[in-house]
Amino acid sequence: NQSAQTKLNQLQDNLFTLQNMSEDDLAKKILSTLGDNETINVKKLRKEILLQLQTDSDDKAAKKKFKKAVQALEKEGKLTLDSEGVVTLKESMKNKKKDKKKDKKKDKKKDKKKRKKSEDEEEDGENESKKQKANEEKDEDEDQYAENEDDQEENQDTEEGTNSDKNKSCTGNPEGYTRLFLGNLPFAVDEDALRTFLEPAVMTHVKWITDKETGKFYGSAFIEMSTSKCGATAVKDKNGEKLMGRQIRINFAPSRDGDVWPPRSKEVTGNGGQAGGVGVKAMSEKPEGCVKLFVGNLSFDIDDDTIVKFFANVDAEVKAVRWLHHQDSGDFKGCGYVEFWNTEACDKGATLNGKVLVARPIRIDWTD
C-alpha cells in the first residue's frame, strides 16, 4: 500500500509539472535540447526532455503532450520527423544556431575589451590612492579608527551583496536561475573534469542522475552554480561544447516547490566525485567495542568469498557474513552484515566505506 501511495504521489507531481508548462515552453525546451546535434531519435529526445522535467518516462500524459509539441513544431517547419522516428532540425533553425554562435564570439570579444578597460581603470585608481595616502598628514589614531569603521561597513555590504546577488536577474538569465540540467555527459566524467569544463563559471553542487535500482549512470546531472551570472555563462558559453569528445547540453532547470535544492551537503553523489553510484555517506557514531558492520549498495553478484577477500585487502579478518533477503520473495536486498573477530579489524574494514566492490561503491556503517 505504501509503495502504491508513493507511485500515486509521484504521478501527481509529474502531472502538476506538465500542467504548469505551456506548449510554447515545451517547444522551446525541445529545440534547446536538440542542441548542436540537430538529429536525434525521437524516443531518446523524449526521454531527455522528461528527465529534465523530473517526470516518469512511462507517464502516458507526458508522452502525449510531448508528441503534440513535436507535431506542432513539425507543422511550423522547425523540424522534421521521418518514418524511422528520427527528428531533424530544419535548415532555417540551423542557420539561427550558427548566427547565435557568431553572436557568442562577438560577445566574448566585447567582454575581453571590457575586462581590459576595467583592469586599466582599477590600476589607475590604485596609483591615485597611493598618492593620496602619501600626502595625508592626519593623526594616526583617527586614521586607524576611520579605517576600522570602513572595513566593518565594507564587510557588511559584501555579505549582504553576496546573498542578494546569487539569484539576481542578469543578461541571459532574467529569472536568476542557478540550477542547471546537463545532458549527453560522458560516462567517464567526474566532479573535477566537470568543474574545469565549466570554468570560469563556478559550480558548487552536482547530483549525478542514476537508476534507482541498478545505480547505472544515465549520462546526465543537475548542478548548482554559485550565482545567476555563472548560470548564464555556463548556458551561453558551454551548451553544445565538447567534454571528453561529447557535445554537452545545458539548460536552466529551476527546482520545483518542495524540492530540497541545493543539497544540504556539498558532497557529490558518486564514488569520489565519479558519476554514478550512491555516494560516500558519513558514518554514524561507532558503538563502544563494535565488531560488526552494515554493508549496503551491494551487487547482486556478491558472495561470501568476494566480501571476505575485499576486507582482507586492509587486513580485516571476517568472522561471519549474513545477507538480508525479502521475506515474501526471498530475493536478495543488496545489503547485509559483516562480523569481525575484534574491534580493531572492524575499524580497518570501515575504512573501505565508498570503495568499489563488483563495480559498485558500497556503503558501510557501524551496527550493534
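Strands and their partners

Guide: Before the details, please bear in mind that this is a predicted model. A place to begin is E2 and strand E3, the latter covering residues 86-89, which run antiparallel and are joined by three bridges.

Visitor: Which residue in E3 is the bridge partner of Leu81?

Guide: The partner of Leu81 in that pairing is Val87 of E3.

Visitor: And in what order do the strands of that sheet come?

Guide: The order is E1-E3-E2, with three strands making up an open sheet whose pairing is antiparallel. Strand E1 (39-41) and strand E2 (79-81) are the edge strands, each of them pairing on one side only. From one strand to the next, the twist averages 20 degrees.

Visitor: What lies across E1, E2 and E3?

Guide: That is helix H3, made of residues 42-52, and its direction is at about 85 degrees to E1.

Visitor: Changing topic, what does E12 pair with?

Guide: Strand E12 (residues 332-340) pairs with strand E10 (residues 292-296) in the antiparallel sense, over four bridges, and within that pairing Phe294 stands opposite Tyr337 of E12. Strand E11 (residues 318-325) also runs antiparallel to E12, the two being joined by six bridges.

Visitor: Which residue in E12 does Val321 stand opposite?

Guide: Val321 has Val338 of E12 opposite it.

Visitor: How many residues lie between E11 and E12 in their hairpin?

Guide: There are six residues between the two strands of the hairpin, and Gly330, which is in the turn, has a positive phi of about 80 degrees.

Note on methods. Residues are numbered from 1 along each chain as its sequence is written. This is a predicted model: local features need pLDDT of at least 70, side-chain atom pairs count only at pLDDT 80 or more; totals for chains, interfaces and linings use all residues. Side-chain values use heavy atoms; hydrogens and water are left out. Two strands pair if DSSP finds at least two bridges between them. Axes are lines fitted to C-alpha atoms, for helices over the stretch in contact, and angles run from 0 to 180 degrees between N-to-C directions. Contact means heavy atoms within 4.5 Å.
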